[in-house]
Amino acid sequence: MADDYLVRIGKLIRDARQHRGWTQSQLAEALGTSQSAVNRIERGNQNISLEMIARIGEALDSEIVSLGYAGPMHLRVVGGRRLSGAIDVKTSKNACVALLCASLLNKGRTVLRRVARIEEVYRLLEVLNSIGVRSRWINDGVDLELVPPARLDMEAMDADAARRTRSIIMFLGPLLHRMETFRLPYAGGCDLGTRTIEPHMIALRRFGLDITATEGIYHAKVAVGVSPDRPIVLTERGDTVTENALLAAARHDGVTVIRNASSNYMVQDLCFFLEALGVKVEGVGTTTLTVHGVPNIDVDVDYSPSEDPVEAMSLLAAAVVTESELTIRRVPIEFMEIELAVLEEMGLDHDRSAEYSADNGRTRLVDLTVRPSKLEAPIDKIHPMPFPGLNIDNVPFFAAIAAVAQGQTLIHDWVYDNRAIYLTDLNRLGGRLQLLDPHRVLVEGPTRWRAAEMMCPPALRPAVVVLLAMMAAEGTSVLRNVYVINRGYEELAERLNSVGAQIEIFRDI
């Protein structure tokens, strides 16, 4: 029994290492041990302490075993079932994390409605709580209340929680107005390859922020009195870069013009929230934002972030790959129009309701009904573009959709270094995906899906794509260690079960 336990542990560690793209030698170096020791651990030939398992999990950013409960979460999926009925889209993950960071601008009480209860939000709350922000779930756990302290205790920051989310980078914009020096741990999150923070630094230097990096820590120093003397031109039209510039401009005493700004959904929600704080933002929805800053923000604010277009795309893809008729309610249509236009050309049969307003009073929603369709591969390649183009995070779902379409589809994920590689995990489930280079995948359809047991990819959207393919595959599949899915989706398995899926959550070890 003990030997079996070690073999199972070793297999989980090996799978997590391989999904991280590390060799045994790289893991050994991170742990300060030898490659031969890692080899023995992975083969189940060496006793291993819980402390060592925790160290390995931290090195691989993978929840191998969590102390305090039975172990990492897995999903057992009985596939081949049709979905039916209706399901609501929840609030945007990316908007919620931006608003949590933006709450640091406000000295008053912030209430955020229907906040996504996901791991990414929990990590940010752990960081906020550790530096003195009081948070509590109200209204039966649906809404979130945040009350800041008079002075933030940056020395008490929960560094472990901070390293597990890339969203921590958006603390820079608010904090540069609150203190002259502070430190932040290096950001973590999905394993999507190298992502430089230099575009953030180029924008924030204009407000006097200077960053040096040593031993896993960003050391920040703010030169008081420095302000932009001309428009800030972002070198990358990124969402978080734009948000950081907005957060810095919100309390800048003057007018800041931000050019080449992202106009994506989470940026618009942040602009609407800033307006609720009393900050005037002109040009929302365009690539030029003009921010009239308010040096002192002390208001009680109540805001409702809008629904998540990427979750809407996830649910749409679930209906397509399982050949189901499903109604997806509260879809933020303006952020899915290109995706739907592409799917219409592929032959998607669907209806949409009349438009209505989200709770923020600004975002346009529809109810979307998808029916089983005979899809043809698109003539052009699938590739992301900044809004209003096809959303970067929706690209992976086209891999699963293309796999059930007739013909060849070229998917070009040019933004991330290695996310396309994870899409080839669909081959373990019967897919025919050929990796042309780290950014391009050729998908051949249609696919006869088959059940399999596999480790969850370490990137959020490819992980969900694998789950959707398992739902379409006849038989029982197992997806191990789904922490990354819980980072971005609230109770996804339970909600899919409510419309006909059969997904069991279990733990082992």
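Residues are numbered from 1 along each chain as its sequence is written, and side-chain values use heavy atoms, with hydrogens and water left out. Because the model is predicted, local features need pLDDT of at least 70 and side-chain atom pairs count only at pLDDT 80 or more, whereas totals for chains, interfaces and linings use all residues.

In soluble globular proteins, nonpolar side chains tend to be buried together. A nonpolar core is here a set of buried Ala, Val, Leu, Ile, Met, Phe, Trp, Tyr and Cys residues joined through side-chain atoms within 4.5 Å; buried means under 20% relative accessible area, exposed over 50%, and partly exposed in between, with a 1.4 Å probe and protein chains only. The largest nonpolar core holds 152 residues, of which Phe 171, Phe 182, Leu 184, Leu 316, Leu 479 and Ile 485 touch the most other members. Helix H16 (residues 460-472) supplies the largest share of this core, 11 residues. A second, separate core has 15 residues, among them Leu 6, Leu 12, Leu 27 and Leu 60.

Helices (H or I, at least four residues) and strands (E, at least two) are DSSP runs, numbered from the N terminus. H16 has 13 residues and reaches 19 Å from its first C-alpha to its last, close to the 18 Å expected at 1.5 Å a residue; the expected span is 1.5 Å times one less than the number of residues. Since 13 of the 13 residues of H16 are buried, this helix is largely enclosed by the rest of the structure. Ile 485 is in contact (heavy atoms within 4.5 Å) with Cys 456, Leu 460, Ala 463, Val 464, Leu 467, Leu 479 and Leu 492, leaving aside neighbours within four places in sequence.

Attention now turns to a sheet. Four strands form an open, mixed sheet in the order S21-S22-S1-S23, where two strands pair if DSSP finds at least two bridges between them. Strands S21 (453-455) and S23 (502-507) stand at the edges with a single partner strand each, so one side of each is left without a neighbour in the sheet. Strand S1 (residues 73-79) pairs with S22 in the antiparallel sense over five bridges, and Leu 75 stands opposite Leu 479 in S22.

Arg 480 also belongs to strand S22 (residues 475-480). With 15% relative accessibility, Arg 480 counts as buried. The side chain of Arg 480 makes a polar contact with the side chain of Glu 453 at 2.7 Å; a polar contact is a pair of N or O atoms within 3.5 Å, and within protein one must be able to donate a hydrogen and the other to accept it, while residues adjacent in sequence count only if both atoms are side-chain atoms. Not counting residues up to four places away in sequence, Arg 480 touches residues including Leu 12, Met 73, His 74 and Asp 508.

Some loops carry backbone features of note. Asn 481, in the loop between S22 and helix H17 (483-488), has a positive phi of about 60° although it is not a glycine. Asn 481 counts as buried at 7% relative accessibility. Asp 140, in the loop between strands S4 (134-138) and S5 (143-147), also has a positive phi of about 60°, but is exposed, with a relative accessible area of 83%. The peptide bond from Phe 387 to Pro 388 is cis, with omega near 15°, and a cis peptide bond with omega about 0° joins Gly 445 and Pro 446.
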